[in-house]
Amino acid sequence: MMLAFFILALVSQGTRLVASQRLPANIFILAGQSNMAGRGGVINSTKNGNFTWDGIVPPQCQPNPSILRLSANLEWVLAQEPLHADIDYNKTNGIGPGMPFANAVLTRDPAIGVIGLVPCAIGGTNITHWAKGGFLYDQLVRRTQAALKNGGVLRAMLWYQGESDTINREDADDYKGRLEKFFKEVRADLKHPRLPIIQVALASGEGRFVETVREAQLGTNLLDVQCIDGKGLTLEPDRLHLTTPAQVQLGQMFAHAFLQSLPTPIRTSSNSAATLSFLVSDHFVGFLFYSTFLFVGLQII
């Protein structure tokens with residue numbers, strides 16, 4: 001009987017291995033302010049003055065079993081819009097770029113594996129609010145570390161922020177130095193000195209110094225930092241937030257930038273190993289179940 005218990009223990013371990021295949025293999029941080037959190041489809045009701053989301057989810061933003069989201073409780077759940085509902089909870093959230101990004105990556109590279117999105121964006125935040133030692137910075141690092149606890153690879157940080165830094169000249173002038181310092185410190189604390197970062201050059205702003213902040217973003221001079229240009233993306237009537245179609249377009253721009261920078265040989269090798277691991281685990285469990293029942297049957301006879 002001891003052998004039977006031993007085999008059952010191995011079966012249990014093998015089952016956990018199979019289940020773990022659904023954990024994200026590719027981790028992406030989503031950080032910044034409201035246009036990253038998502039305000040697509042959010043409208044100001046003329047009746048009561050409250051902001052409401054229209055609830056329209058385009059095909060490019062639909063849930064996919066291969067796209068998970070790290071909840072506020074640090075648990076992996078099926079990703080669905082609005083992605084930041086339990087993170088940017090003091091605001092009304094709508095469509096953002098995260099889901100169209102993940103769906104576009106999977107469409108163009110189905111073998112990449114399960115994607116895990118880590119929402120961290122908070123609307124209305126200045127770059128100084130993201131400084132090391134502050135709540136937003138600490139939350140980003142803590143959530144990312146939790147996302148990596150059970151494996152997976154941190155692929156990139158998607159960053160869209162800066163609208164609040166266009167209000168006064170001092171913030172706009174200091175933006176580049178503060179941004180690059182933030183990027184360096186995030187990389188250091190996540191122990192990923194070459195963490196790919198894809199940021200957006202502003203499509204809009206809250207003040208007069210939009211072009212100053214855009215120049216800082218487009219002129220960021222760090223390795224493995226890309227900048228995609230949001231200028232010209234369609235805005236909601238508030239002239240600040242991206243519409244749902246614009247968010248879909250932005251998500252696809254993020255996906256294109258990420259996939260263009262990804263070394264194909266590394267991706268292919270990783271996918272093959274993940275597939276092999278799953279197949280081995282699956283067959284191993286089947287073999288162990290068969291062996292267990294055979295052994296127990298012999299003991300009864």
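Visitor: Over how many bridges do strand 7 and strand 8 pair?
Guide: In this predicted model, strand 8 covers residues 197-201 and runs in the parallel sense with strand 7. One of the bridges sets tryptophan 159 against glutamine 199 in strand 8. The number of bridges between strand 7 and strand 8 is three.

Visitor: Which residue in strand 7 stands opposite glycine 32?
Guide: Strand 1, residues 26-32, pairs with strand 7 in the parallel sense over seven bridges. The residue of strand 7 that stands opposite glycine 32 is tyrosine 160.

Visitor: How many residues of strand 7 are buried?
Guide: Strand 7 comprises residues 153-160 and is mostly covered. A residue counts as buried when its relative accessible area is under 20%. Of the eight residues of strand 7, the number that are buried is seven.

Visitor: Which helix makes a β-α-β unit with strand 7 and strand 8?
Guide: The unit that contains strand 7 and strand 8 is right-handed. Its helix spans residues 169-189 and is helix 5.

Visitor: What is the distance between the end C-alpha atoms of helix 5?
Guide: Helix 5 has 21 residues, and at 1.5 Å a residue the helix should span 30 Å. Helix 5 also bends by about 50° at tyrosine 175.

Visitor: Which strands are included in what covers the buried residues of helix 5?
Guide: The buried residues of helix 5 include Tyr175, Leu179, Phe182 and Phe183. Helix 4 (135-147) and helix 6 (210-218) are among the elements that cover the buried residues. The strands included are strand 7, strand 8 and strand 9 (225-229).

Visitor: How many residues apart in sequence are the parts that the pair of phenylalanine 28 and phenylalanine 101 ties together?
Guide: The structure holds nine aromatic pairs. One of them joins phenylalanine 28 and phenylalanine 101 edge-to-face, at 4.9 Å centre to centre with 80° between the planes. Phenylalanine 28 lies in strand 1 and phenylalanine 101 in helix 3 (residues 98-108), so the separation of the parts in residues is 73.

Visitor: Is phenylalanine 101 buried or exposed?
Guide: The cut-off for a buried residue is under 20% relative accessible area. Phenylalanine 101 has a relative accessible area of 0%, so this residue is buried.

Visitor: What is the angle between the ring planes of phenylalanine 182 and phenylalanine 183?
Guide: Phenylalanine 182 is buried at 3% relative accessibility, and phenylalanine 183 is buried at 0%. Their ring centres are 5.8 Å apart. The pair is tilted because the planes are at 45°.

Methods
Residues numbered from 1 in each chain as written. Predicted model: local features only at pLDDT ≥ 70, side-chain atom pairs only at ≥ 80, totals over all residues. Heavy atoms only, no water. Buried < 20%, exposed > 50% of the residue type's maximum accessible area, 1.4 Å probe, protein only. Helix = DSSP H or I, 4+ residues; strand = E, 2+ residues; numbered from the N terminus. Pairing = 2+ DSSP bridges. Right-handed = clockwise from strand over helix to strand, strands pointing away. Phe/Tyr/Trp six-rings, centres within 6.5 Å; stacked < 30°, edge-to-face > 60°. Expected span 1.5 Å × (residues − 1). Bend = angle between axes of the 7 residues up to and from the residue. Contact = heavy atoms within 4.5 Å.
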